Amino acid sequence: MKKSVVIIVAILILVLSFFAFTNTPFFVKAYGSIRNGISQIAGPALTVISKPAHAIKNLAITYTDLINIKKENMVLKKKLDDLLLENQKIPELEKENKRLKTVLKLVEQNPNSLIAARVIGEDLSNWFKSIIVDKGKDHGIKEKMPVITPAGIVGQAVEVNKWHTKVMIINDTNSSVDVYVEGKTTRGILEGTGKTVLKLKYVLKNDEIGIGDKLVTSGKDSIYPRGLPVGIVITANRSRPGIFADIEVMPFNNFKRLEEVLFIKR
Amino acid sequence: MKKIIAYGIIGVCVLTIEASVFSFLPLDILKPDLGIPLVIFTAFFLSPQIGLGTALITGVIQEIFSNAPHGAMVFMKISLFLIALFLKNKVYIESKYSFSLICSGSVIIESFLFILLSYLARGETGNVINILLYTIPNAIFTGFFSIFMYTLINAVNLKFFSED
């Protein structure tokens with residue numbers, strides 16, 4: 001193939017991807033089908049790779065613990081080292097056990113409405129915020145299903161394949177959630193900023209809201225059911241020009257530390 | 001074709017590992033674009049067909065493992081490939097360090113390309129602050145990782161495709 005032909009093909013792909021980006025229905029549909037087909041292959045690869053990656057992570061934690069314990073126990077007999085090595089794994093297992101028990105409790109309370117999934121990957125780019133979980137179409141997951149943890153909401157399913165699901169986290173710049181202040185009538189739209197802190201928009205300056213107020217989902221956005229905890233108000237600035245207050249919200253979940261999540265069946 | 005598949009597989013593996021392993025790191029800032037070194041390497045040192053194939057595959061895989069809008073990553077990777085192709089005879093990469101510098105520069109170009117694409121295609125650049133915030137850290141980390149990527153890809157190239 002000549003260089004000029006390659007350039008023409010490249011420009012053609014550029015034009016097609018540009019139209020897909022503009023959300024032209026025909027291109028989005030065609031492009032989405034191709035991308036879905038490819039992700040059916042990439043999904044199992046991620047599942048396979050995430051297992052040794054988890055093992056490496058556990059190994060790294062165990063190793064760090066080992067160094068600390070060794071410093072403290074230099075005087076102890078060498079025979080005890082093997083035993084200590086085993087013991088170091090227990091706190092980590094206990095933590096996991098505790099976390100899983102909380103998830104299990106929630107699933108047991110709502111056996112037919114929740115699907116548990118494990119986080120196996122994260123968005124490749126820091127421009128967007130999403131996670132990839134190990135459950136897909138085969139497990140009953142559908143697009144726009146709300147995703148939560150026992151602490152609060154995580155986001156919504158945006159792409160579902162046979163093997164895995166991509167979940168857009170609420171701190172993504174494309175995410176917005178209709179919320180209200182717990183115990184009050186104040187409502188607003190919680191938007192992602194791409195950072196840890198979220199912005200609560202369209203709250204009037206004379207609305208009843210203050211630092212420490214808890215936000216819960218209102219159920220009016222047709223995605224998240226009513227009453228799910230979202231976050232806590234950390235700043236409420238009324239001195240800026242305009243009719244709306246400038247409010248920042250810290251989500252209840254730490255999205256960088258998610259291990260298991262729950263999908264709410266719709 | 002054999003080479004396109006080989007570099008495509010390298011791209012899939014590297015990006016899959018990145019999606020899985022980097023989720024354990026608590027810092028968002030530590031996210032290099034490992035597709036760029038592949039695209040730059042193939043565009044500069046191999047035939048245009050391999051470069052195009054690699055750019056397309058890495059773009060699609062990045063979109064699969066990201067919440068990026070449809071077509072965005074493919075558009076940027078193909079654009080970078082075309083820019084690299086035009087600069088092929090004008091810029092000389094003599095070591096892995098100059099390669100790293102070009103990869104870092106490509107990250108900055110990619111960021112501005114995305115902002116431009118958002119503005120042209122949708123008339124809005126809502127994510128612009130977020131993108132600009134990460135541009136320099138991304139360029140630094142991509143440059144750093146591309147030193148290792150250069151060694152890896154060069155080793156694969158010499159071992160399996162040196163007769164070409």
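**Entry 1: the largest pocket**

I sorted the lining of the largest pocket by class and got 6 nonpolar, 7 polar and 6 charged residues. The model I am reading is a predicted one. I then looked up the volume, and the largest pocket holds about 450 Å³ of space. Which residues lie closest to its centre? Among the 19 lining residues, they are A:Arg35, A:Val158, A:Glu159, B:Ala68 and B:His70.

The most comes from α2(A), which gives 4 residues.

**Entry 2: the largest cavity**

The volume of the largest cavity is about 120 Å³.

I listed the lining next. It has 14 residues, and those nearest the centre of the largest cavity are A:Leu124, A:Ser125, B:Asp33, B:Met73 and B:Glu110. By class, I read 5 nonpolar, 6 polar and 3 charged residues in the lining of this cavity. Two helices of chain B, α5 and α6, each supply at least two of the lining residues. I looked at that pair next.

**Entry 3: helices α5 and α6 of chain B**

Helix α5 of chain B covers residues 96-122, and helix α6 of chain B covers residues 128-161. Their axes lie 8 Å apart, and the packing angle is about 155°. Why do I call the pair roughly antiparallel? Angles over 145 degrees count as roughly antiparallel, so α5(B) and α6(B) fall in that class. The crossing of α5(B) and α6(B) is right-handed. I also sorted the contact between α5(B) and α6(B), which has 16 nonpolar, 9 polar and 1 charged residues.

**Entry 4: one barrel in chain A**

I turned to the strands of chain A. A barrel closes from 6 strands, in the order β1-β2-β5-β4-β3-β12, with antiparallel pairing. Neighbouring strands of this sheet are turned by 45° against each other on average, direction ignored.

Strand β3 of chain A (residues 146-149) runs antiparallel to strand β12 of chain A (residues 260-264), and 2 bridges join them. Which residue of β12(A) is the bridge partner of A:Ile148? I found A:Leu262 there.

**Entry 5: another barrel in chain A**

A further set of 6 strands in chain A closes into a barrel, in the order β6-β7-β8-β11-β10-β9. The pairing is antiparallel here too. From one strand to the next, the twist averages 40°.

I followed some of the pairings. Strand β8 of chain A (residues 198-201) and strand β11 of chain A (residues 246-251) run antiparallel and are joined by 3 bridges. A:Leu198 has A:Val249 as its bridge partner in β11(A). Strand β9 of chain A (residues 214-217) is joined by 3 bridges to strand β10 of chain A (residues 229-237), also antiparallel. How many bridges link β10(A) and β11(A)? I read 6 bridges, in the antiparallel sense.

A:Leu215 stands opposite A:Gly231, and A:Gly231 stands opposite A:Pro251 in β11(A).

How values were computed: Residues are numbered from 1 along each chain as its sequence is written. Chains are lettered from A and ligands numbered from 1 in the order in which they are written. This is a predicted model: local features need pLDDT of at least 70, side-chain atom pairs count only at pLDDT 80 or more; totals for chains, interfaces and linings use all residues. Side-chain values use heavy atoms; hydrogens and water are left out. Axes are lines fitted to C-alpha atoms, for helices over the stretch in contact, and angles run from 0 to 180 degrees between N-to-C directions. Angles under 35 degrees count as roughly parallel, over 145 as roughly antiparallel, 65 to 115 as roughly perpendicular and the rest as oblique. A crossing is left-handed if the near helix is turned anticlockwise from the far one by less than a right angle, and right-handed if clockwise. Ala, Val, Leu, Ile, Met, Phe, Trp, Tyr, Cys and Pro count as nonpolar, Asp, Glu, Lys and Arg as charged, and the others, Gly among them, as polar. Two strands pair if DSSP finds at least two bridges between them. On a 1 Å grid over the protein atoms alone, a cavity is a set of points where a 1.4 Å probe fits but cannot get out, and a pocket is an open set with protein on both sides within 12 Å along at least five of seven lines; lining residues have an atom within 4 Å of a point. Grid points are joined across faces, edges and corners, and a volume is the space filled by probe spheres set on the points.
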